[in-house]
Amino acid sequence: MSKNKIATSKLESDHIEVKSKFDAEFRRWSLKRSEQHSFDEFQSLLERLHKLDRSQLLVSYIDPRDNDLLPINNDDNFGRALTTARPLLRVIIQRKEQIFR
């Protein structure tokens, strides 16, 4: 299979690859694009994977087109993040106190 066919098949995959970063800790997993996902479910998954408390989290993603750091704080923003993931969704998790220092 040529490189172009491999790249195209990854872009059209039913799975979204997610790479989350909290401090120096990285986690990788995938979500099915065809399933309905809510922001609350996603945030709960991040909490379990990184062993965090919800009250201290700010969740953002890196827009692949212009590398902007954009917030994920509701279902609309989460849906936008999923649609831009081709095929990787890069998620950054920060503590609220880190942001306001």
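Which residue in E5 is the bridge partner of serine 60? In this predicted model, local features require pLDDT of at least 70 and side-chain atom pairs count only at pLDDT 80 or more, whereas totals for chains, interfaces and linings use all residues. Residues are numbered from 1 along each chain as its sequence is written, and side-chain values use heavy atoms, with hydrogens and water left out.

Serine 60 has isoleucine 92 of E5 as its bridge partner. Helices (H or I, at least four residues) and strands (E, at least two) are DSSP runs numbered from the N terminus, and two strands pair if DSSP finds at least two bridges between them. E3 and E5 run antiparallel and are joined by five bridges. E1 and E5, in contrast, run parallel and are joined by six bridges; here leucine 88 in E5 is the bridge partner of glutamate 17.

Helix H3 spans residues 75-84, and its buried residues are Asn77, Phe78, Ala81, Leu82 and Thr84; buried denotes under 20% relative accessible area, exposed over 50%, and partly exposed the range in between (1.4 Å probe, protein chains only). These residues line one face of the helix, because they fall within an arc of 165° when seen down the axis of H3; the arc is that of the directions from the helix axis to the C-beta atoms. The elements covering the buried residues of H3 include strands E1 (15-22), E2 (25-32), E3 (57-62), E4 (69-71) and E5 (88-95), together with helix H2 (39-50). At the start of H3, the backbone nitrogen of aspartate 76 has a side-chain oxygen of asparagine 74 within 3.1 Å.

Two aromatic pairs are present in the structure. Rings of Phe, Tyr and Trp (its six-membered ring) pair if their centres lie within 6.5 Å, with planes under 30 degrees apart counted as stacked, over 60 as edge-to-face and the rest as tilted. Tryptophan 29 and phenylalanine 42 form a tilted pair, with 6.3 Å centre to centre and 40° between the planes. This pair links distant parts of the chain, since tryptophan 29 belongs to strand E2 and phenylalanine 42 to helix H2, 13 residues apart. Tryptophan 29 counts as buried at 16% relative accessibility, as does phenylalanine 42 at 3%. Ring pairs link Trp29, Phe42 and Phe78 into a cluster.

Aspartate 63 lies in the loop between E3 and E4 and is buried, with a relative accessible area of 6%. Contacts of aspartate 63 (heavy atoms within 4.5 Å) are made with Asp68 and Leu70, not counting residues up to four places away in sequence. A polar atom of the aspartate 63 side chain lies 3.1 Å from the backbone nitrogen of arginine 65.

Definitions and conventions:
A polar contact is a pair of N or O atoms within 3.5 Å; within protein, one must be able to donate a hydrogen and the other to accept it, and residues adjacent in sequence count only if both atoms are side-chain atoms.
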